[in-house]
Amino acid sequence: MRTHERQRMTDSPERSASVGELVLSLRGISKNFGAVSALTDIDFDVHAGEVVALVGDNGAGKSTLVKILAGVHQPSSGTINFRGKAVTMPDPRAALTLGIATVFQDLALCENLDVVANIFLGNEVSPLRLDEVAMEMRAWTLLNELSARIPSVREAVASLSGGQRQTVAIARSLLLEPKLILLDEPTAALGVAQTAEVLNLIDRVRARGLGVVMISHNMEDVRAVADRIVVLRLGRNNGVLEPDASNQDLVSAITGASNNAVSRRAERLKVERDRADSGQAGEQHP
Ligand SMILES: Nc1ncnc2c1ncn2[C@@H]1O[C@H](COP(=O)(O)OP(=O)(O)OP(=O)(O)O)[C@@H](O)[C@H]1O
Ligand SMILES: [Mg+2]
């Protein structure tokens, strides 16, 4: 029931219909923290107008991958291509300038400041920075484009709901008109209605032609909004699934259980082959 509700709310004609050019392409990305291999030889692609869900168990390397793309960590090896060019992101500002925006799980909003101030917070590069009226108009435009339900942009963030805060954080990340947006657990700790609202928001970000990477542990949310599901396990690629993949296949890819789609298919084919063989044998000797 909940799945259906969410799917209906977030299904849109854009879904998987208008996937554009390759925005991001990682090849052979590894990251070591001393003796710990957090990521090994990761390949990862995101297209314009596509939502890619990044899933995996705790410690699979999802946040590490996002932090590399956000310029927080440097890869130990491998290449990052962004919009057709090999790039490096020595710091978070470099990632933002290239057009990669990240909404971290803690959102990093200032409770006592209003929505406008939060949207412009830290965006020193904005030429509108000191013009209060222009900032307010820009904030309204952004939120309206996202059909966001924020009562007033002069409301302090402290008085907003979890879903509204997530909306403000996403709106803020769109300020510099990125090409790729990374969302770390955007629906964690949200109720059903607020989750649906944030998933709708993700739909609209995709409809603007952005590439979206969403980390989530919630398979319902992933299925409701993702065009592709990329699985990491123990720091390695462990499969790419369609959003309509069975739960069993998804769980197998995440946990590495041996009873997965590939092994079951091989088993079924073997049984069918054996049956056909014995059938033929029967025909020869009626
Ligand atoms: N700064 C760090 N120093 C040392 N090890 C780290 C560091 N950051 C991550 N790791 C290790 O890298 C591995 C991957 O961690 P990461 O946080 O990327 O996992 P995750 O998939 O985001 O997990 P979760 O779902 O729990 O958030 C883990 O073994 C973790 O302990
Ligand atoms: Mg994490």
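Buried residues account for 40% of the 286 residues in this protein. Keep in mind that you're looking at a predicted model. The chain folds into ten helices and ten strands. Of the contacts with a separation of 6 or more, 68% link residues 24 or more positions apart.

- One sheet to look for is an open one of four strands, in the order 2-1-4-5, and the pairing is antiparallel.
- Its edges are strand 2 (36-47) and strand 5 (85-86), each of which pairs on one side only.
- Strand 1, covering residues 22-33, is joined to strand 2 by eight bridges in the antiparallel sense.
- Helix 2 (residues 62-69) lies across strand 1 and strand 2, and runs at about 65 degrees to strand 2.

- D41 sits in strand 2, and its phi is near 55 degrees, a positive value in a residue other than glycine.
- Is D41 buried or partly exposed? D41 counts as partly exposed because 14 other C-beta atoms lie within 10 Å, while a buried residue would need 20 or more.
- R83 isn't a glycine either, yet it has a positive phi of about 50 degrees.
- You'll find R83 in the loop between strand 4 (77-82) and strand 5.
- R83 has 16 other C-beta atoms within 10 Å, so it is partly exposed.

**The nonpolar core**

- The largest nonpolar core is made of 75 residues.
- Which residues have the most contacts inside this core? They are A53, L54, I100, L182, I202, V212 and M214.
- Helix 7 (residues 192-207) gives this core its largest share, namely six residues.
- L182 is a handy place to start exploring: setting aside its neighbours within four places in sequence, L182 is in contact with V66, L69, A70, I100, T102, V103 and V213.
- Two of those partners, V66 and L69, fall within helix 2 (residues 62-69), the helix that lies across strand 1 and strand 2.

Conventions
Residues numbered from 1 in each chain as written. Chains lettered and ligands numbered in written order. Predicted model: local features only at pLDDT ≥ 70, side-chain atom pairs only at ≥ 80, totals over all residues. Pairing = 2+ DSSP bridges. Helix = DSSP H or I, 4+ residues; strand = E, 2+ residues; numbered from the N terminus. Contact = placed C-beta atoms within 7 Å. Axes fitted to C-alpha atoms, helices over the stretch in contact; angles between N-to-C directions. Buried ≥ 20, exposed ≤ 12 C-beta atoms within 10 Å, placed from the backbone. Core = buried A, V, L, I, M, F, W, Y, C linked by C-beta atoms within 7 Å.
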